[in-house]
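Here is a short briefing on packing and strand pairing. Keep the sequence and the 3D view open while reading.

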Amino acid sequence: MNNVEEGVFFLTGKDFTNAGAASSSLKGVLEKRGVPQDIIRRTAIAAFEAEMNVIIYAVAGMMKYRITDTEISVTIQDMGQGIPNIELAMTEGYSTAPDYIREMGFGSGMGLPNIKKSTDYFVINSMIGEGTTLEFTIHLIPCDKERA
Amino acid sequence: MNLQEIMTNLSLEVKTPGLNLDREVTGGYVSDLLSDVMGNASQGNIWITLQIHLNIVAVASLKGLAGIILVNNRRPDEDTITRAVAENIPLMTSDLPTFELVGRLYALGLRCR
(Lines give C-alpha, C1' and ligand atoms only; values in the text may rest on other atoms or scores of the structure.)
Protein backbone atom coordinates (compact mmCIF):
# COMPACT_ATOMS: atom_id res chain seq x y z
CA MET A 1 0.00 0.00 0.00
CA ASN A 2 2.67 2.45 -0.99
CA ASN A 3 0.72 4.62 -3.36
CA VAL A 4 -2.12 6.12 -1.32
CA GLU A 5 -3.81 9.31 -2.43
CA GLU A 6 -6.41 11.15 -0.36
CA GLY A 7 -8.44 14.30 -0.68
CA VAL A 8 -11.60 16.12 0.25
CA PHE A 9 -14.09 18.36 -1.56
CA PHE A 10 -16.61 20.59 0.17
CA LEU A 11 -20.18 20.73 -1.07
CA THR A 12 -22.75 23.48 -0.60
CA GLY A 13 -26.47 22.75 -0.61
CA LYS A 14 -28.51 24.31 -3.47
CA ASP A 15 -25.32 25.39 -5.25
CA PHE A 16 -26.40 24.11 -8.65
CA THR A 17 -23.79 26.29 -10.37
CA ASN A 18 -20.96 24.14 -9.05
CA ALA A 19 -22.87 20.89 -8.90
CA GLY A 20 -20.75 18.09 -10.30
CA ALA A 21 -17.46 19.90 -9.73
CA ALA A 22 -16.31 17.54 -6.97
CA SER A 23 -17.08 14.48 -9.10
CA SER A 24 -15.27 16.04 -12.06
CA SER A 25 -12.23 16.73 -9.89
CA LEU A 26 -12.24 13.17 -8.59
CA LYS A 27 -12.50 11.90 -12.17
CA GLY A 28 -9.48 14.06 -13.02
CA VAL A 29 -7.47 12.54 -10.15
CA LEU A 30 -8.30 9.02 -11.39
CA GLU A 31 -7.40 9.87 -14.98
CA LYS A 32 -4.08 11.32 -13.91
CA ARG A 33 -3.41 8.14 -11.97
CA GLY A 34 -4.09 6.00 -15.04
CA VAL A 35 -7.06 4.14 -13.54
CA PRO A 36 -8.88 2.01 -16.18
CA GLN A 37 -11.69 3.80 -18.03
CA ASP A 38 -14.43 1.45 -16.88
CA ILE A 39 -13.54 2.04 -13.22
CA ILE A 40 -13.41 5.80 -13.76
CA ARG A 41 -16.85 5.62 -15.38
CA ARG A 42 -18.35 3.70 -12.43
CA THR A 43 -16.74 6.01 -9.89
CA ALA A 44 -17.99 9.10 -11.75
CA ILE A 45 -21.59 7.82 -11.77
CA ALA A 46 -21.58 7.02 -8.05
CA ALA A 47 -19.78 10.23 -7.05
CA PHE A 48 -22.07 12.44 -9.14
CA GLU A 49 -25.25 10.90 -7.75
CA ALA A 50 -23.99 11.23 -4.18
CA GLU A 51 -22.82 14.80 -4.80
CA MET A 52 -26.20 15.78 -6.28
CA ASN A 53 -28.00 14.34 -3.27
CA VAL A 54 -26.05 16.72 -1.03
CA ILE A 55 -26.72 19.69 -3.34
CA ILE A 56 -30.43 18.89 -3.56
CA TYR A 57 -31.27 17.83 -0.02
CA ALA A 58 -28.61 19.04 2.43
CA VAL A 59 -27.29 22.33 3.77
CA ALA A 60 -23.68 21.31 3.22
CA GLY A 61 -21.46 18.29 3.04
CA MET A 62 -18.13 16.88 1.99
CA MET A 63 -16.76 14.22 -0.28
CA LYS A 64 -13.64 12.43 0.92
CA TYR A 65 -11.76 9.96 -1.22
CA ARG A 66 -8.95 7.52 -0.66
CA ILE A 67 -7.27 5.70 -3.51
CA THR A 68 -4.90 2.83 -2.89
CA ASP A 69 -3.32 0.29 -5.22
CA THR A 70 -6.33 -1.97 -4.73
CA GLU A 71 -9.41 0.22 -4.33
CA ILE A 72 -11.12 3.60 -4.49
CA SER A 73 -13.20 4.46 -1.44
CA VAL A 74 -15.39 7.54 -1.22
CA THR A 75 -17.31 8.90 1.76
CA ILE A 76 -19.96 11.58 1.34
CA GLN A 77 -21.13 13.10 4.57
CA ASP A 78 -23.79 15.77 4.80
CA MET A 79 -25.53 18.05 7.23
CA GLY A 80 -29.04 17.43 6.01
CA GLN A 81 -32.47 16.31 7.06
CA GLY A 82 -31.58 12.62 7.14
CA ILE A 83 -33.37 9.74 5.42
CA PRO A 84 -36.31 8.34 7.46
CA ASN A 85 -36.51 5.04 5.57
CA ILE A 86 -33.36 3.94 3.73
CA GLU A 87 -34.98 0.85 2.25
CA LEU A 88 -37.67 3.02 0.67
CA ALA A 89 -35.05 5.54 -0.52
CA MET A 90 -33.20 2.69 -2.24
CA THR A 91 -36.33 1.73 -4.21
CA GLU A 92 -35.96 2.65 -7.86
CA GLY A 93 -38.34 5.48 -8.74
CA TYR A 94 -38.92 6.63 -5.16
CA SER A 95 -38.02 10.27 -4.55
CA THR A 96 -38.95 13.05 -2.15
CA ALA A 97 -37.58 15.78 -4.46
CA PRO A 98 -39.73 18.90 -4.84
CA ASP A 99 -41.20 19.81 -8.24
CA TYR A 100 -38.59 22.39 -9.25
CA ILE A 101 -35.84 19.80 -8.76
CA ARG A 102 -37.77 17.26 -10.85
CA GLU A 103 -38.26 19.82 -13.60
CA MET A 104 -34.47 20.05 -13.86
CA GLY A 105 -34.38 16.31 -14.50
CA PHE A 106 -33.21 15.36 -11.01
CA GLY A 107 -35.26 13.50 -8.43
CA SER A 108 -36.13 10.55 -10.64
CA GLY A 109 -35.47 8.11 -7.82
CA MET A 110 -32.56 6.52 -9.67
CA GLY A 111 -29.65 8.05 -7.76
CA LEU A 112 -29.11 5.61 -4.91
CA PRO A 113 -29.86 2.57 -7.12
CA ASN A 114 -27.30 3.91 -9.64
CA ILE A 115 -24.70 4.13 -6.85
CA LYS A 116 -25.44 0.58 -5.73
CA LYS A 117 -25.18 -0.75 -9.30
CA SER A 118 -21.90 1.05 -9.99
CA THR A 119 -20.00 0.08 -6.86
CA ASP A 120 -18.63 -3.05 -5.17
CA TYR A 121 -19.52 -1.94 -1.66
CA PHE A 122 -22.10 0.61 -0.62
CA VAL A 123 -23.53 1.58 2.76
CA ILE A 124 -25.70 4.45 4.01
CA ASN A 125 -26.12 5.62 7.58
CA SER A 126 -28.57 8.35 8.38
CA MET A 127 -29.79 10.19 11.47
CA ILE A 128 -32.97 12.23 11.24
CA GLY A 129 -32.22 15.91 11.72
CA GLU A 130 -28.45 15.36 11.67
CA GLY A 131 -27.45 14.09 8.29
CA THR A 132 -26.47 11.20 6.10
CA THR A 133 -23.17 9.43 5.50
CA LEU A 134 -22.75 7.37 2.40
CA GLU A 135 -19.71 5.23 1.67
CA PHE A 136 -18.80 3.31 -1.41
CA THR A 137 -15.84 1.33 -2.64
CA ILE A 138 -14.79 0.23 -6.09
CA HIS A 139 -12.10 -2.42 -6.46
CA LEU A 140 -9.19 -1.64 -8.73
CA ILE A 141 -8.23 -5.27 -8.94
CA PRO A 142 -10.57 -8.25 -8.59
CA CYS A 143 -10.96 -9.49 -5.00
CA ASP A 144 -9.58 -12.96 -5.73
CA LYS A 145 -6.34 -11.46 -7.04
CA GLU A 146 -6.17 -9.23 -3.99
CA ARG A 147 -6.27 -12.24 -1.69
CA ALA A 148 -3.76 -14.30 -3.67
CA MET B 1 -20.24 9.13 -38.03
CA ASN B 2 -18.89 12.32 -36.58
CA LEU B 3 -20.60 15.28 -35.00
CA GLN B 4 -19.90 17.54 -37.95
CA GLU B 5 -21.84 15.23 -40.30
CA ILE B 6 -24.76 15.08 -37.90
CA MET B 7 -24.80 18.85 -37.58
CA THR B 8 -24.79 19.33 -41.35
CA ASN B 9 -27.37 16.65 -42.13
CA LEU B 10 -29.85 17.80 -39.50
CA SER B 11 -29.23 21.55 -39.94
CA LEU B 12 -28.39 21.93 -36.27
CA GLU B 13 -27.42 25.29 -34.86
CA VAL B 14 -24.15 25.12 -32.93
CA LYS B 15 -24.24 27.17 -29.73
CA THR B 16 -20.66 26.56 -28.60
CA PRO B 17 -18.32 28.46 -30.93
CA GLY B 18 -14.80 27.21 -31.45
CA LEU B 19 -15.31 23.62 -30.33
CA ASN B 20 -14.03 20.92 -32.64
CA LEU B 21 -16.91 18.89 -34.07
CA ASP B 22 -14.64 16.32 -35.63
CA ARG B 23 -15.39 13.72 -32.98
CA GLU B 24 -16.79 10.25 -33.44
CA VAL B 25 -20.36 9.66 -32.26
CA THR B 26 -20.81 6.08 -31.04
CA GLY B 27 -24.60 6.20 -30.74
CA GLY B 28 -27.41 8.20 -29.24
CA TYR B 29 -29.29 8.44 -25.98
CA VAL B 30 -32.54 10.29 -25.30
CA SER B 31 -33.60 11.32 -21.83
CA ASP B 32 -34.57 14.34 -19.76
CA LEU B 33 -33.72 12.57 -16.50
CA LEU B 34 -30.11 13.19 -15.53
CA SER B 35 -29.69 10.02 -13.50
CA ASP B 36 -31.00 7.99 -16.43
CA VAL B 37 -28.28 9.47 -18.64
CA MET B 38 -25.66 8.91 -15.92
CA GLY B 39 -26.70 5.28 -15.55
CA ASN B 40 -27.44 4.30 -19.12
CA ALA B 41 -25.78 6.47 -21.77
CA SER B 42 -22.46 5.29 -23.19
CA GLN B 43 -19.23 7.12 -23.81
CA GLY B 44 -19.21 8.93 -27.15
CA ASN B 45 -23.03 9.07 -27.39
CA ILE B 46 -24.90 12.13 -28.57
CA TRP B 47 -27.48 13.12 -25.93
CA ILE B 48 -30.87 14.45 -27.00
CA THR B 49 -32.77 16.39 -24.32
CA LEU B 50 -34.96 19.38 -23.57
CA GLN B 51 -33.06 20.27 -20.39
CA ILE B 52 -31.16 23.53 -20.84
CA HIS B 53 -29.64 24.27 -17.42
CA LEU B 54 -25.91 24.03 -16.84
CA ASN B 55 -25.93 20.72 -14.96
CA ILE B 56 -26.41 18.91 -18.30
CA VAL B 57 -22.81 19.87 -19.09
CA ALA B 58 -21.52 18.17 -15.92
CA VAL B 59 -23.39 14.99 -16.86
CA ALA B 60 -22.09 15.02 -20.44
CA SER B 61 -18.55 15.72 -19.28
CA LEU B 62 -18.53 13.01 -16.59
CA LYS B 63 -19.95 10.45 -19.03
CA GLY B 64 -17.62 11.47 -21.87
CA LEU B 65 -20.55 12.15 -24.23
CA ALA B 66 -19.85 13.47 -27.73
CA GLY B 67 -22.27 16.38 -27.40
CA ILE B 68 -25.80 17.51 -26.57
CA ILE B 69 -28.69 18.32 -28.90
CA LEU B 70 -31.46 20.49 -27.47
CA VAL B 71 -34.82 19.90 -29.12
CA ASN B 72 -37.91 22.00 -29.85
CA ASN B 73 -35.79 25.08 -30.42
CA ARG B 74 -34.96 25.29 -26.74
CA ARG B 75 -32.29 27.91 -26.04
CA PRO B 76 -29.55 27.01 -23.57
CA ASP B 77 -28.96 29.37 -20.64
CA GLU B 78 -26.00 31.71 -21.07
CA ASP B 79 -24.09 30.01 -18.22
CA THR B 80 -24.81 26.63 -19.82
CA ILE B 81 -23.05 27.78 -23.00
CA THR B 82 -20.10 29.20 -21.05
CA ARG B 83 -19.71 25.96 -19.11
CA ALA B 84 -20.07 23.83 -22.23
CA VAL B 85 -17.27 25.72 -23.97
CA ALA B 86 -15.07 25.42 -20.87
CA GLU B 87 -15.72 21.66 -20.62
CA ASN B 88 -15.41 21.07 -24.38
CA ILE B 89 -18.97 19.74 -24.77
CA PRO B 90 -20.59 20.86 -28.05
CA LEU B 91 -24.16 22.11 -27.61
CA MET B 92 -26.48 22.16 -30.60
CA THR B 93 -30.10 23.10 -31.04
CA SER B 94 -32.80 21.85 -33.39
CA ASP B 95 -36.28 23.19 -34.04
CA LEU B 96 -37.53 19.62 -34.39
CA PRO B 97 -39.33 17.84 -31.57
CA THR B 98 -37.50 14.84 -30.07
CA PHE B 99 -39.38 12.15 -32.00
CA GLU B 100 -38.60 13.66 -35.40
CA LEU B 101 -35.02 14.50 -34.54
CA VAL B 102 -34.28 10.98 -33.32
CA GLY B 103 -36.02 9.53 -36.38
CA ARG B 104 -33.64 11.45 -38.59
CA LEU B 105 -30.61 10.42 -36.55
CA TYR B 106 -31.71 6.82 -36.92
CA ALA B 107 -32.21 7.28 -40.66
CA LEU B 108 -28.66 8.60 -40.87
CA GLY B 109 -27.51 5.27 -39.51
CA LEU B 110 -26.89 6.22 -35.89
CA ARG B 111 -27.86 3.51 -33.42
CA CYS B 112 -28.20 3.22 -29.66
CA ARG B 113 -25.26 2.56 -27.30
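**Nonpolar cores**

The largest nonpolar core has 32 residues. Inside this core, the residues with the most contacts are A:F16, A:F48, A:M52, A:F106, B:W47 and B:I68. The model is predicted.

- Elements giving two or more residues to this core are α2 of chain A and, from chain B, α2, α3 (55-63), β4 (67-70) and α4 (78-86).
- A second, separate core has 29 residues. Among them are A:V29, A:A50, A:I67 and A:F136.

**Strand pairing in chain B**

- Strands β2 (residues 27-30) and β3 (residues 45-49) of chain B pair in the parallel sense, over four bridges.
- From β2(B), the chain passes through α2(B) to reach β3(B). This β-α-β crossover is right-handed.
- B:V30 lies opposite B:I48 in β3(B).

**Helix α5 of chain A**

- Helix α5 (residues 111-118) of chain A is mostly covered, with six of its eight residues buried.
- Those buried residues are A:G111, A:L112, A:P113, A:N114, A:I115 and A:S118.
- From chain A, the cover over the buried residues of α5(A) includes α2 (37-57), α3 (86-89), β4 (121-127) and β5 (131-139).
- Chain B takes part too: its α2 (34-40) is included in the cover over the buried residues of α5(A).

Conventions. Residues numbered from 1 in each chain as written. Chains lettered and ligands numbered in written order. Predicted model: local features only at pLDDT ≥ 70, side-chain atom pairs only at ≥ 80, totals over all residues. Heavy atoms only, no water. Buried < 20%, exposed > 50% of the residue type's maximum accessible area, 1.4 Å probe, protein only. Contact = heavy atoms within 4.5 Å. Pairing = 2+ DSSP bridges. Right-handed = clockwise from strand over helix to strand, strands pointing away. Core = buried A, V, L, I, M, F, W, Y, C linked by side-chain atoms within 4.5 Å.
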